[in-house]
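I set down what I looked up and what I found.

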Amino acid sequence: MNILVLGGGGREHAIAWALAKSPRTDSLYVAPGNGGTDGIAQNVPDLNPEDGQAVLAFVRENAIDFVVIGPEAPLVAGVADVLRAAGVPTFGPDAQGAQLEGSKTFSKKFMDANDIPTARYASFTDLEPALAYVRELGAPIVVKADGLAAGKGVVVADELEDAEDAVRSCFDGAFGDSGKTVLIEECLTGPECSMLAFVSDGKAHCMATAQDHKRAFDGDRGPNTGGMGAYSPVPIVTPDELAAMHDIMERAAVATAREFDNDYRGVLYGGFMLTPEGPKIIEFNARFGDPETQVVLPRLESDLADIMLAVAEGRPDDIDLRWSEQWAVCVVLASEGYPGSYEKGKVILGIDEAEQIEGVTVFHAGTAKNFDDELVTAGGRVLNVVALGDSFDDAREKAYEACDLINFEGKQYRSDIG
């Protein structure tokens, strides 16, 4: 098959890396791609992954057999709708299904309608009622921009003043149109855990558990980010909690078939809080997580191309998931200043040396090539250093050993992943 992957981050590098190993893959393209994907695929830097008609034209011109949509923005923009209408097999839900991530209010209503346990909440389009609700609930409390905000539109406020500032920030335009509606919810307590599932024809095939580290700095301090590291599996999850998580994901998949106009065909991401009352959903996402993908896919022993095509063609009974017993740990190397402002164009050295360590793979996120063909930083999250090991400590030690071998000016990362 000739396959096109849409996206340019660490998640898409991991997806392309897994697809490149499949004997079904003939030619592989990534749009726009990054400095790492061009080593395993042909980058298409000028193709806008959110422009459905442009993507369709590229598909036709290059005899693409199958399209995999990585990020949330093209899904919400309806790129999958355009491709499916033209008969192109596509991995990723249509625009209606993507609203599970595109609108937190839509997602909460979906949970309510289907008895999916979640935090108590209310959504607002005006400042004063939102502030009144914040004061009624008190801190700690969670404030979320309703729409897409690249993982940064969430504030967990321990103080009432911080919550009020977060509400005002949303309505003042900090997240553009995404913040015109603000969701305010109770602050659940307990460890977080992610479970992703391949969903097709109302059936869910759940993947291995993973845990992400959202805060920028050690000790879970600082602002939320797109994710500073992850590991898989998650040993703190009890058998009862795991069974409950599977049940929730399966019920959600059934509900997509019942409530949506078209079959949901892609990944459904369940962000869970393991509360004293049992697992509850914090949020649903409509795609692979980032950086959870980078620790889940290296543990997948099944052929990803086979799985994705079965999902896209509505053949869930043909999916066979097999997992390695090894552990995976991912540490994100970020630019100085992230998740705030940061400089680009810093030369990156040491990746080849890092990948000489057994079990280490470096997935690129914000990288590019400069005019001298040097690899340079091109984003806030620059690299995902992933290590597989026979134990968690083994994988973690390898990951940090590899991090020490990679250098660029302003490199920052958390030292406490896991």
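For these entries I count a residue as exposed when its relative accessible area is over 50%, as buried when that value is under 20%, and as partly exposed in between. I note that the model is predicted.

Entry 1: helix α2.
I looked up which residues of α2, spanning residues 52-61, are buried. They are G52, V55, L56, F58 and V59. I then viewed the helix down its axis: the buried residues of α2 fall within an arc of 160°, so they line one face. An α-helix has 3.6 residues a turn, so residues three or four places apart point the same way. On the face of α2 turned away from the buried side I found the exposed residues Q53, R60 and E61.

I next asked what covers the buried residues of α2. The cover includes the strands β1 (2-7), β2 (27-32) and β4 (66-69), together with helix α4 (79-85).

Entry 2: the ends of α2.
After α2 comes A63, and I recorded a positive phi for A63, near 50°.

Most residues other than glycine have a negative phi, and most peptide bonds are trans.

D201 is not a glycine, yet its phi is positive, about 55°. I located D201 in the loop between β10 (192-200) and β11 (203-206).

I placed D373 in the loop between β20 (367-369) and β21 (375-377). The relative accessibility of D373 is 57%, and because the cut-off for exposed is over 50%, D373 counts as exposed.

Entry 3: cis peptide bonds.
I looked up where cis peptide bonds occur and recorded one joining S232 and P233, with omega about 0°. P233 belongs to the loop between β15 (229-232) and α9 (239-259).

I also recorded a cis peptide bond from D290 to P291, where omega is near 25°. P291 sits in the loop between β17 (278-285) and α10 (292-296).

Key. Residues numbered from 1 in each chain as written. Predicted model: local features only at pLDDT ≥ 70, side-chain atom pairs only at ≥ 80, totals over all residues. Heavy atoms only, no water. Buried < 20%, exposed > 50% of the residue type's maximum accessible area, 1.4 Å probe, protein only. Helix = DSSP H or I, 4+ residues; strand = E, 2+ residues; numbered from the N terminus. Arc of directions from axis to C-beta. Contact = heavy atoms within 4.5 Å.
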